[in-house]
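Dear colleague,

Please find the structure below, handed over for your records.

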Amino acid sequence: MTRRVLVTGGGTGIGKVIAHAFADEGCEVTVAGRRREPLEAAAEGRGMDLRLADVTNEEQVAALFERPYDVVIANAGAGVAAPIEEVSLEEWQRTVTVNMTGTFLTFRAALRAGMERGGRLIAIASTASLQGGAQIPAYAASKHGVLGLVRSVAQNVAKRGITCNAICPGFVDTEMAETAISGLMARYEIPHEKALKMVVGGNPMQRLITPEEVAATAVFLASQGAASVNGHAMSVSGGEI
Ligand code: NAP
């Protein structure tokens with residue numbers, strides 16, 4: 001039977017490449033996000049379904065699940081890069097709500113909809129789920145929270161033959177990494193090359209992770225061979241952590 005896959009934030013960056021990877025595997029893929037244009041561009045020519053939904057909105061998330069999915073990838077996320085003194089309450093709340101509450105609402109709806117044996121819940125977390133960073137207090141706190149959720153859900157769904165795992169990438173070559181690089185350029189008045197070096201400095205491979213490498217990890221976690229991998233935080237960071 002064709003497996004049904006949902007990717008939140010599937011119109012851009014990592015989510016788009018994950019959606020394409022599952023489509024290439026012959027899965028029936030739905031991409032969700034708030035903006036129609038990127039979703040349409042991602043779905044074009046791939047036979048993918050697209051749905052508008054804000055992952056922080058309980059009703060909109062529930063409405064994505066009129067039928068259960070076999071694989072649900074909570075990828076939608078956002079970040080703010082600033083030391084704690086400079087983070088506004090609004091930025092803190094937005095970061096926590098999108099990353100942590102969004103993942104909670106997505107996984108809860110997936111299970112309430114009746115995810116079946118063999119089901120897979122995958123959160124796109126971060127190396128910031130496993131270590132803090134001076135410039136990312138809100139992001140790291142929210143991504144640590146995602147990992148706590150994943151580990152707890154994993155304990156709960158195991159006997160139903162479902163797994164729940166987190167993928168923890170280092171800096172990935174997407175718009176989000178480019179925003180972080182621009183932020184460093186502005187903050188320290190340095191050229192792009194130097195800011196990029198700072199960003200990849202923590203990765204022993206000294207390069208950005210590719211979205212394809214994250215997507216390949218998601219495909220593995222969704223495979224039959226990964227049936228016993230549960231509650232795991234899979235670092236995709238070139239050995240950074
Ligand atoms: P991105 O291109 O900015 O993707 C974020 C996606 O999330 C967008 O498609 C966005 O679409 C969607 N989104 C944001 N807020 C949403 C909301 N409230 N409801 C529904 N969708 C929402 O960045 P990315 O790098 O691919 O990031 C994807 C995930 O990977 C994130 O969870 C991020 O934290 C994680 N990650 C990224 C990196 C990195 O270096 N790039 C490293 C580790 C982990 P709309 O704006 O249209 O809703």
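The notes below begin with the basis of the model and then turn to the ligand.

This is a predicted model, in which local features need pLDDT of at least 70 and side-chain atom pairs count only at pLDDT 80 or more, while totals for chains, interfaces and linings use all residues. Residues are numbered from 1 along each chain as its sequence is written, and side-chain values use heavy atoms, with hydrogens and water left out.

Oxygen atoms of the ligand lie 2.8 Å from a polar side-chain atom of R35 and 2.9 Å from one of K143. The backbone also takes part: a polar backbone atom of V172 is 2.7 Å from a ligand oxygen. On its own, the ligand has 870 Å² of accessible area, of which the protein covers 93% (Shrake-Rupley method, 1.4 Å probe).

Finally, E175 is found in helix α6 (residues 175-188), helices being DSSP runs of H or I with at least four residues. E175 counts as exposed because its relative accessibility is 63%, and exposed means over 50% (1.4 Å probe, protein chains only). The C-alpha atoms of E175 and I14 are 9.6 Å apart in space, although the two residues are 161 residues apart in sequence.

Yours sincerely

How values were computed. Helix = DSSP H or I, 4+ residues; strand = E, 2+ residues; numbered from the N terminus. Buried < 20%, exposed > 50% of the residue type's maximum accessible area, 1.4 Å probe, protein only. Polar contact = N/O pair within 3.5 Å; in protein donor to acceptor, adjacent residues only side chain to side chain.
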